[in-house]
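Okay, thanks for making time, everyone.

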Amino acid sequence: MDVLLASRLQFAAAAMFHFLFVPLTLGLSFLTAIFQTLWLKTGDDDYKRAARFWGKLFLINFGLGVVTGITLEFQFGTNWRFYSQYVGDIFGSLLAIEATLAFFLESTFIAVWWFGWGKVSPRVNTLAIWLTAIASNISALWILLANGWMQHPVGYVIRGGRAELESFSAVLTNSFAWWEFLHTVPSAYVLSGFFVLGVSAWHLIRKNELSLFKKSFRVAAIWTMIFSLYLIVEGHIHGAEVAEKQPTKLAAMESHWVTEKGAGWSLLVIPDEENERNSVELFKIPNVLSLLAFHDPNAEVKGLKEWPKEERPPVALSFWSFRIMVALGFLFGLLSILAFLKRRQPEASPKLLKVLIWNIPLPYIAAQAGWMLAEVGRQPWIVYGLMKTKDAVSPLSAVQVGLSLPAFIIVYGILGIICFWLIAHHARKGPEPVEALSEKPATETL
């Protein structure tokens, strides 16, 4: 294993592990804020207990998300030195804003919300959880602006052998980054919605706290259906943006080898990357790929053979990760509609409740597949069309990176097991009684 492959594997392991925790943080913060607001408006103690119950799970998840995010940023300096030198003026400024503004606000308001329970008025406390949720999502915006710049670099000038920032407004209004934000963050809302539905379903089947978990289920069903259906529409628009800005990624995710006008789309395809063809290609529908990609049934879709082999992304990985993400996206649309229709009496649909419990891991798989497509589909570029990944890696020995890779996996694996055990333990335990919330200091209820 050379240093480039070892560094890529190490970064991929760290990024994928970090992204196990980010989506739940983004969505569960808003859902907690919604439950607390409903308590403020109605005075219903079920909503008060729901806010603290889901908020506790949010906090556990948030803690590990922070830890893994910090080590991820260190890797830009340790493993990707030439990348940092070449584009640090642009990429670094976006990460700095995220860390010093959004993350600072997020951490501050979390403390006000959790430790201020019973010490500040309910209105101030509710405002704190809303500001926590907003700051979390603003934090995601800066990260996705940085990643969107890697996908579609704008607003820079090459000077002295480095990319320097020329137009901050161009970076802020980068359309590719915004479509990425409008896809990634709502997918996090879907993940968190199904998390609440699944945990609620587990308690409803066991008839624990029926009143509270029926209300949790009802709110999550509405929330999840809105964002699941939104993602199906937005995903198509985002795909058209990829077709225009990253034609090699489109060709790889569709395993499209030969340039065609009026390109068709096949229902069943198995890529044969080695022989530059598809070993299976059945049920082809004429013009559909051109229509989906460019909204024109006669548009030209470039095939992978237009580019040298060394300039193509890994086809099989891009192709299958795209299909896993899309297939799960349609499944989520169907499940969310069923949950919405059964939201008033969910306990009367035990089969649906069991499906929702088993569904909890699937949005995590969809999110990981989506990131895999975004990052692998951009290869061999670390900054699309500007800098190749092989030119960005630090001059380390393969042994140095190769030894630290298993260390990362072992440490992250232990942390992950502890975190998911804590989440599962508190999710099964259920909410605190009303008396506990009003009498115990906040530090004793965690």
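Predicted model: local features only at pLDDT ≥ 70, side-chain atom pairs only at ≥ 80, totals over all residues.

Residues are numbered from 1 along each chain as its sequence is written, and side-chain values use heavy atoms, with hydrogens and water left out.

Let's start with Thr224, which sits in helix α8, residues 210–245. Helices here are DSSP runs of H or I with at least four residues, strands are runs of E with at least two, and both are numbered from the N terminus. What does Thr224 touch, leaving aside neighbours within four places in sequence? The list is Val190, Gly193, Phe194, Leu197 and Ser336. Thr224 has a relative accessible area of 0%, so it's buried. My cut-offs there: buried is under 20% relative accessible area, exposed is over 50%, and partly exposed is in between, with a 1.4 Å probe and protein chains only.

Staying on helix α8, we also have His238. Buried or partly exposed, at 13% relative accessible area? His238 is buried. Not counting residues up to four places away in sequence, His238 touches Phe176, Trp179, Glu180 and His183.

Now pick Trp179 out of that list; it lies in helix α7, residues 175–205. Trp179 is partly exposed, at 27% relative accessible area. With neighbours within four places set aside, its contacts are Glu234, Ile237, His238 and Glu241. Trp179 and Phe294 are 115 residues apart in sequence, and their C-alpha atoms are 16 Å apart.

On to the rings. A pair of aromatic rings is described by the distance of the centres and the angle of the planes. How many aromatic pairs turn up in the whole structure? The search finds 26, where rings of Phe, Tyr and Trp (its six-membered ring) pair if their centres lie within 6.5 Å, with planes under 30 degrees apart called stacked, over 60 edge-to-face, and the rest tilted.

Take Phe21 and Phe420: the centres are 5.4 Å apart and the planes are at 25°, so that's a stacked pair. Phe21 is in the loop between α1 (3–18) and α2 (22–42), while Phe420 is in helix α14 (residues 398–429), so the pair ties together parts that are 399 residues apart in sequence. Phe21 is buried at 0% relative accessibility, whereas Phe420 is partly exposed at 33%.

Then there's Phe408 with Tyr412: centres 5.6 Å apart, planes at 85°, so edge-to-face. Both lie in helix α14, four residues apart, about one turn of the helix. Phe408 is partly exposed at 23%, and Tyr412 is buried at 6%.

Zooming out to finish: the chain has 16 helices and eight strands. Of its 446 residues, 52% count as buried. And if you look at contacts between residues at least 6 apart in sequence, 80% join residues at least 24 apart. The C-alpha atoms fill a box of roughly 70 × 50 × 40 Å along the principal axes. That's my tour, thanks.

Terms used
Contact = heavy atoms within 4.5 Å.
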